[in-house]
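Here is a colleague's note to read alongside the model. Please keep the sequence and the structure in view while going through the points.

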Amino acid sequence: MSHDFPIRLAVVYHSGYGHTARQAQAVARGADAAGNVEVTLVPVDEVDQHWDLLAQADAIVFGAPTYMGSASAQFKVFMDATSRTVFAKGGLWHDKVAAGFTNSAARSGDKLHTLQQLAVFAAQHGMHWVNLGLPPGHNNSKSTEDMVNRHGFFLGAAAQSNADEGPDVAPPPADLLTAEHLGRRVAMVARQLVAGRAAVS
Ligand SMILES: Cc1cc2nc3c(=O)[nH]c(=O)nc-3n(C[C@H](O)[C@H](O)[C@H](O)COP(=O)(O)O)c2cc1C
């Protein structure tokens, strides 16, 4: 696809112990690989410096660890802040592209609930949610744990980090490649949308 349309993509994430940060970096790498994409990683504790950047973005990818079956409290603080900084200002994120990812220690760990929470959040802002777009990776006798989308999610990217391993080794490469895929896909969808708007305006 032509790279003539530059894209601005932000990854807003929280990570208490560094594992979800690895996933966020992978999403950013994937977006960067789409070419002509300005990618910014925004940890939620620095978001106050980045509200203008987020308002300018074509796409925002949301990521949080799953804590007690939902997005971490720190990420929820960010979500709630957008009521005032984004929603009440006239819907500054309306018609932007959105997607999400989460990481937790258990295989399921109720990650689906977090992805659903992120998708509903994006919908409240009138954003266009992009799904993962990969088939389940490890669902038959010939597949392995090394395959992308090994957790079989459709709504977004999932990662699993063993509770006794640090972010130097967890989440494993398959989950980081899954996150890279999501980043690249979101950038491409954003470009298609920007190009399409230019074509019909
Ligand atoms: C308060 C808390 C709650 C957690 N709840 C869950 C959970 O519901 N499901 C799960 O699989 N793991 C759970 N975990 C494990 C984390 O999701 C896991 O350690 C993850 O890799 C942390 O990511 P981070 O390093 O980016 O914070 C929990 C961890 C903490 C600290």
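**Notes on strand β5 and its surroundings**

1. Val97 has His128 in β6 as its bridge partner. Strand β6 (residues 128–129) pairs with β5 in the parallel sense over two bridges, where helices (H or I, at least four residues) and strands (E, at least two) are DSSP runs numbered from the N terminus, and two strands pair if DSSP finds at least two bridges between them.

2. This is a predicted model, in which local features need pLDDT of at least 70 and side-chain atom pairs count only at pLDDT 80 or more, while totals for chains, interfaces and linings use all residues. Residues are numbered from 1 along each chain as its sequence is written.

3. Two further parallel partners of β5 should be noted: seven bridges join β3 to β5, with Pro65 standing opposite Asn103 in β5, and four bridges join β5 to strand β7 (residues 157–160), where Ala158 is the bridge partner of Thr102.

4. Eight of the eight residues of β5 are buried, so this strand is largely enclosed by the rest of the structure; a residue is buried if 20 or more other C-beta atoms, placed from the backbone, lie within 10 Å of its own. Val97, Ala99, Phe101 and Asn103 lie on one side of β5, with Ala98, Gly100, Thr102 and Ser104 on the other, and both faces are covered. In a regular strand the side chains alternate between the two faces of the sheet.

5. Which elements supply residues to the shell around the ligand? α1 (19–33), β3 (59–67) and β5 (97–104) each give at least two, and β3 gives the most, with three. Of the 19 residues around the ligand, Gly16, Tyr17, Thr20, Ser104 and Gly109 come nearest, a residue being near if its C-beta atom, placed from the backbone, lies within 6 Å of the molecule.

6. Over residues 9–187 the chain is 36% helix and 21% strand, and the end C-alpha atoms are 7 Å apart.

How values were computed. A residue is buried if 20 or more other C-beta atoms lie within 10 Å of its own, exposed if 12 or fewer, and partly exposed in between; C-beta atoms are placed from the backbone.
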